[in-house]
Amino acid sequence: MSELIVVAYDTPAEAEAARKELFGMAKEYLVDIADAVIATADKDQNIKLD
C-alpha cells in the first residue's frame with residue numbers, strides 16, 4: 001500500500017535540502033522512496049513541480 005506524505009517548507013531551498021537528505025536516507029535503506037517532488041507556486045498561482 002502506498003502513502004502520500006506532504007511536508008511544507010518556507011523556501012524551495014529548504015525543501016530541496018530535505019529532499020536530498022531523504023534520498024540519502026533511502027540509499028542507506030532507512031526509508032523506501034518511490035518519488036519525491038518539490039511543488040512551488042508563483043505569484044499567479046501557477047504550480048511548478050521539480
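Predicted model: local features only at pLDDT ≥ 70, side-chain atom pairs only at ≥ 80, totals over all residues.
**Entry 1**

I began with the largest pocket and looked up its volume, which comes to about 830 Å³. Next I asked which residues sit closest to its centre. Of the 23 lining residues, these are Ile5, Val7, Leu22, Ala36 and Val37. I then went through the elements: H1 and strand E1 (39-41) are the ones that give two or more residues to the lining. H1 gives the most, with five residues. Last, I sorted the lining by class and found 16 nonpolar, three polar and four charged residues.

**Entry 1**

I checked where Ile5 belongs, and it lies in the segment before helix H1, which spans 12-27. Is Ile5 buried or exposed? Its relative accessible area is 64%, so Ile5 is exposed, the cut-off being over 50%.

How many salt bridges does the model have? The count is two, and I took them one at a time. In one of them Arg19 pairs with Glu16, and their closest N and O atoms are 2.7 Å apart. Both partners lie in helix H1, three residues apart, which is about one turn of the helix. Arg19 has a relative accessibility of 18%, so it counts as buried, under the 20% cut-off. Glu16 has a relative accessible area of 24%, so Glu16 is partly exposed. A friendly reminder to myself: H1, which holds this pair, is also the element that gives the most to the pocket lining.

**Entry 2: the salt bridge of Asp50**

The other pair is Asp50 with Lys48, where the closest N and O atoms are 3.7 Å apart. I wanted to know how open these two are. Asp50 is partly exposed, at 42% relative accessible area. Lys48 also counts as partly exposed, with 49% relative accessibility. Both values fall between the 20% and 50% cut-offs, and therefore neither residue is called buried or exposed.

Notes. Residues numbered from 1 in each chain as written. Heavy atoms only, no water. Helix = DSSP H or I, 4+ residues; strand = E, 2+ residues; numbered from the N terminus. Buried < 20%, exposed > 50% of the residue type's maximum accessible area, 1.4 Å probe, protein only. Salt bridge = Lys/Arg side-chain N within 4 Å of Asp/Glu carboxyl O. 1 Å grid on protein atoms, 1.4 Å probe; cavity = no way out; pocket = protein on both sides within 12 Å on 5 of 7 lines; lining within 4 Å. Points joined across faces, edges and corners; volume = space filled by probe spheres on them. Nonpolar A, V, L, I, M, F, W, Y, C, P; charged D, E, K, R; others polar.
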